[in-house]
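Have the model open as you read.

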Amino acid sequence: MNLHDDAYWMRLALEQAQAAAQAGEVPVGAVVVRAGQLVATGRNGPVAGHDPTAHAEIVALRAAAQQLGNYRLEDCTLYVTLEPCAMCSGAMLHARLPRVVFGAADAKTGVAGSVLNLFAQAQLNHHTQIQGGVLAQDCAQILGDFFRQRRRQRRAVALAAHPLRDDALRTPDARFAALPDWPWAAHYCSDLPALAGLRLHYLDEGAPHAPTAWLCLHGPQHWGYVYRHLVTALTALDQRVLVPDLIGFGRSDKPKKERWHTPQQHMQVWCEWIQRLGIARWVLVVESLGLYEAMLLSRQPVLQGCVGVLVLEAGPADPTLAAVWQAPFPDRGFAAGPRAWASMAQHSCGGAMDVAGLPVLYGQQRHSSRVKAAALAQQAMEYFGA
């Protein structure tokens, strides 16, 4: 089999991949060839068939075995547009295929050389020749186009549910991709009166019926990610932890004008959000007490459920996280919130006030490790009787 023939058969496999994409499946296609003749075709079908084994290679192998009346395909070649996974590779070895040709490499699940090379295991009783990279760019492009379209569709659905106001910006999700120590699902709301259509992002993790909730509010230089270790520690102790990205920060919408960001405006959003969640007893966790004194001292009815304040003392900034703190702000236009909050911080009392008689616990540095966060969580639970 020469390279010209390989390209010809791979194009037929690409046609199967295109058919899979049109059916809403991940676009992978395969063909089985014997003596220069097409024996069988296959395309991805796990979604439609509710079948996790319905990969393109498995479908093609089944069809070829039926066509030839033998599950052993000892004189056939299989062409597939994506490097096969462990399941499909095992089936190919059982079928005694002498040769497998694939297009694009799969760095996540490919076992023909990417993650590992199953076909190179000397202990196996059959050895299949592997040829990769045939029409690799075309095979990779159809996959890339499919997933880009899927992401656009998901963004469109999200935008339809939470339309973006003309006077606000929304940080692209790609800016938050692959965050370390951040496995939690996003929650959003935009129908609170104080939001007036702005989208608020928050975490709601842990035991939903725990008697005490922990409300973690970030400071002006950060967003909810700053509490990642504390969230892990508290949820491990069966606590409920709520972490909003304040409007103008993190994944929440960002009004373009600094004048939106007043203590009264943020307080109103915060109070309506607590009422919406039905939180009756809670501990406030903050990075900087001074910025939240006005909220606590306002003595709004919703704050009656607050049983104490945990203040995470400032520590040295971790230079490895600089990109994380900048992720929500692709350019200056997104950063009206931090600029406005920096101005508000200049007029705060710096945490010197009584905080409405509430007990206050000063904790370890906010950039602590998981181990230190676990110790702090246990200490805080005992201190506040949670």
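## The second largest pocket

The second largest pocket holds about 310 Å³ of space. A pocket here is an open set of points on a 1 Å grid over the protein atoms alone, where a 1.4 Å probe fits, with protein on both sides within 12 Å along at least five of seven lines. Its volume is the space filled by probe spheres set on those points.

H5 supplies the largest share of the lining, six residues. By class, the lining has eight nonpolar, two polar and five charged residues.

The model is predicted: local features need pLDDT of at least 70, side-chain atom pairs count only at pLDDT 80 or more, and totals for chains, interfaces and linings use all residues. Residues are numbered from 1 along each chain as its sequence is written, and side-chain values use heavy atoms, without hydrogens and water.

## The largest pocket

About 480 Å³ of space lies in the largest pocket. Its lining has 17 residues, with Val26, Leu82, Asp106, Thr109 and Phe147 nearest the centre. Helix H3 (56–68) and helix H5 (136–161) are the elements that each give two or more residues to this lining.

## Helix H7

Helix H7 (residues 263–277), a DSSP run of H or I with at least four residues, reaches 21 Å from its first C-alpha to its last. Buried residues (under 20% relative accessible area, 1.4 Å probe, protein chains only) in H7 include Trp270, Trp273 and Leu277. Glycine 278 follows H7 and has a positive phi, near 70 degrees.

Key
On a 1 Å grid over the protein atoms alone, a cavity is a set of points where a 1.4 Å probe fits but cannot get out, and a pocket is an open set with protein on both sides within 12 Å along at least five of seven lines; lining residues have an atom within 4 Å of a point. Ala, Val, Leu, Ile, Met, Phe, Trp, Tyr, Cys and Pro count as nonpolar, Asp, Glu, Lys and Arg as charged, and the others, Gly among them, as polar. The expected span of a helix is 1.5 Å times one less than its number of residues. Buried means under 20% relative accessible area, exposed over 50%, partly exposed in between (1.4 Å probe, protein chains only).
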